[in-house]
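I opened this model to look up a few points and note them as I went. My notes follow in the order I made them.

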Amino acid sequence: MNNNKLKLLGLAQTASKLVSGTETVMKTIQQGTAILVVFASDVSEQTKKSIENKCAFYEVECIQMFTTEEISSALGKKRSMIAFLDQGFVKSFKK
């Protein structure tokens, strides 16, 4: 099941419906364009707290899932955090 979710990350990235990287994700949360934020289970406690607080403040759903390695592998670049920008992809991801 997780394999399909990881493939979906790559598809969403190709379709420009996903952003990755801490700074970019934080910006999209503030701009109100992020629909769902996914961050790796191995991020630092400080990063986790920071992303959860930001998501709570802007009322954006966030979940901790995968490892940095899994996310990086799915996207083809080193990343530990992504944000979906499209409701359709979010719906598929949550299935």
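**Cysteines**

I began with the sulfur of C55, which lies 4.0 Å from the closest cysteine sulfur, that of C62, too far for a bond. The model is a predicted one. From the side of C62 I read the corresponding entry: the closest cysteine sulfur is in C55, at 4.0 Å, again too far for a bond. The cut-off I applied is 2.5 Å between sulfur atoms. I then searched the whole structure and found zero disulfides.

I also checked accessibility for the two cysteines. C55 counts as buried because its relative accessibility is 1%. C62 comes out at 23%, so I logged C62 as partly exposed.

**Strand β2 and its partners**

Next I looked at β2, residues 36–39. Which way do its side chains point? L36 and V38 point one way, V37 and F39 the other, and all are buried.

I then listed the pairings. β2 pairs with β3 (residues 61–64) in the parallel sense, over four bridges.

**Q64 and K48**

I picked Q64 in strand β3 and K48 in helix α3. Q64 has 34% relative accessibility, so I counted Q64 as partly exposed. K48 is partly exposed too, with a relative accessible area of 22%.

What does Q64 touch, once its neighbours within four places in sequence are left aside? I found F39, A40, S41, V43 and K48 in contact with Q64. With the same exclusion, K48 is in contact with F39, V43 and Q64. K48 and Q64 are 16 residues apart in sequence and 8.6 Å apart in space. For Q64 and M81, 17 residues apart along the chain, the C-alpha separation is 9.1 Å.

**Helix α4**

I moved on to α4, residues 68–75. Its buried residues are T68, I71, S72 and L75. Viewed down the axis of α4, these fall within an arc of 100°, so they line one face of the helix. I looked at the other side and found E69 and S73 exposed.

What do the buried residues of α4 pack against? I listed α1 (2–14), β1 (18–20), β2 (36–39) and β4 (81–84). I then followed the chain past the helix. G76 comes after α4, and its phi is positive, near 80°.

**Domain record**

Last, I checked the annotation. UniProt, in an unreviewed entry, places the feature "domain: Ribosomal protein eL8/eL30/eS12/Gadd45" at residues 7–89. Over residues 7–89 I get 51% helix and 18% strand. The end C-alpha atoms of that stretch are 11 Å apart.

Conventions:
Residues numbered from 1 in each chain as written. Predicted model: local features only at pLDDT ≥ 70, side-chain atom pairs only at ≥ 80, totals over all residues. Heavy atoms only, no water. Buried < 20%, exposed > 50% of the residue type's maximum accessible area, 1.4 Å probe, protein only. Helix = DSSP H or I, 4+ residues; strand = E, 2+ residues; numbered from the N terminus. Arc of directions from axis to C-beta. Contact = heavy atoms within 4.5 Å. Pairing = 2+ DSSP bridges. UniProt positions renumbered as here; feature names shortened; annotations may be inferred.
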